[in-house]
Amino acid sequence: MAGQRVRENSLRALLACSTMSAKSAISKEIFAPLDERMLGAVQVKRRTKKKIPFLATGGQGEYLTYICLSVTNKKPTQASITKVKQFEGSTSFVRRSQWMLEQLRQVNGIDPNRDSAEFDLLFENAFDQWVASTASEKCTFFQILHHTCQRYLTDRKPEFINCQSKIMGGNSILHSAADSVTSAVQKASQALNERGERLGRAEEKTEDMKNSAQQFAETAHKLAMKHKC
């Protein structure tokens, strides 16, 4: 059992490293040339198969699919959701469908009571049912997506349903990162204050020792002069 858990953990670690490498490549290959910044991505598979068994390119084959969230670097900032694919035997990525964030109508987390890898995205003209590679990856993507909607959409925001509270509340990775920075600043400030207090006490002790030494020297001088007389 222990050996099996070690192998499973090793496979998860390899998958995580591979996914991170793929996302980094997508960001550079797909979005950077268009002066866009990728905020997040999630590797997915369809929960329901398409009725048409062949690819839009006319050929059959396996492929990986990623749902990516990006924003433009130029003002006014525009956010979009893009479907990116990597076909079997290829090291490059291909941009497929793309929607502006304003077209997103609903984000369905499927189950608010447990970590689930399943989710649905409803757009004005499309509806997809997905399964993320892991529940954790889905949760991270949802947190970034929710934060991006709150930041860049002013009029009509998509509805988030059946989502865990940590996605909608203050426990998101974005808030956690901010909290970590705040905590680090507070700890550094406290350390400086404590150091200043220690230095202050040391200076007081040095001054006391100096005064004591001076008083001792004066007393010794008076005694020496008295005995000399």
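**Figure 1. Strands β3 and β4 pair in the antiparallel sense over 5 bridges.** Strands are DSSP runs of E with at least two residues, helices are runs of H or I with at least four, and both are numbered from the N terminus; two strands pair if DSSP finds at least two bridges between them. S80 stands opposite M100 in β4. The hairpin of β3 and β4 has 6 residues between the strands, and G89 takes a positive phi near 85° in this hairpin. The model is predicted: local features need pLDDT of at least 70 and side-chain atom pairs count only at pLDDT 80 or more, while totals for chains, interfaces and linings use all residues. Residues are numbered from 1 along each chain as its sequence is written, and side-chain values use heavy atoms, with hydrogens and water left out.

**Figure 2. Strand β3 also forms a hairpin with β2, with 6 residues between them.** The two strands run antiparallel and are joined by 9 bridges. I81 in β3 is the bridge partner of L69. Because 8 of the 9 residues of β3 are buried, this strand is largely enclosed by the rest of the structure; buried means under 20% relative accessible area, exposed over 50%, and partly exposed in between, with a 1.4 Å probe and protein chains only.

**Figure 3. The largest nonpolar core holds 27 residues.** Such a core is a set of buried Ala, Val, Leu, Ile, Met, Phe, Trp, Tyr and Cys residues joined through side-chain atoms within 4.5 Å. The members that touch the most others are I67, I81, L101, L104, F119, L121 and L145. Elements that each supply at least two residues include β1 (36-46), β2 (63-72), β3 (79-87) and α2 (135-152). Helix α2 gives the largest share, 6 residues. Leaving aside neighbours within four places in sequence, L145 is in contact (heavy atoms within 4.5 Å) with L69, I81, L101, L104, V107 and F160. A second, separate core of 10 residues includes I26, I30, F31 and M38.

**Figure 4. The rings of Y66 and F93 form an edge-to-face pair.** Rings of Phe, Tyr and Trp (its six-membered ring) pair if their centres lie within 6.5 Å; planes under 30 degrees apart count as stacked, over 60 as edge-to-face and the rest as tilted. The count comes to 4 aromatic pairs. For Y66 and F93, the centres are 6.2 Å apart and the planes stand at 75°. The pair links distant parts of the chain, 27 residues apart: Y66 lies in strand β2, and F93 in the loop between β3 and β4 (94-100). Y66 is buried at 2% relative accessibility, and F93 is buried at 8%.
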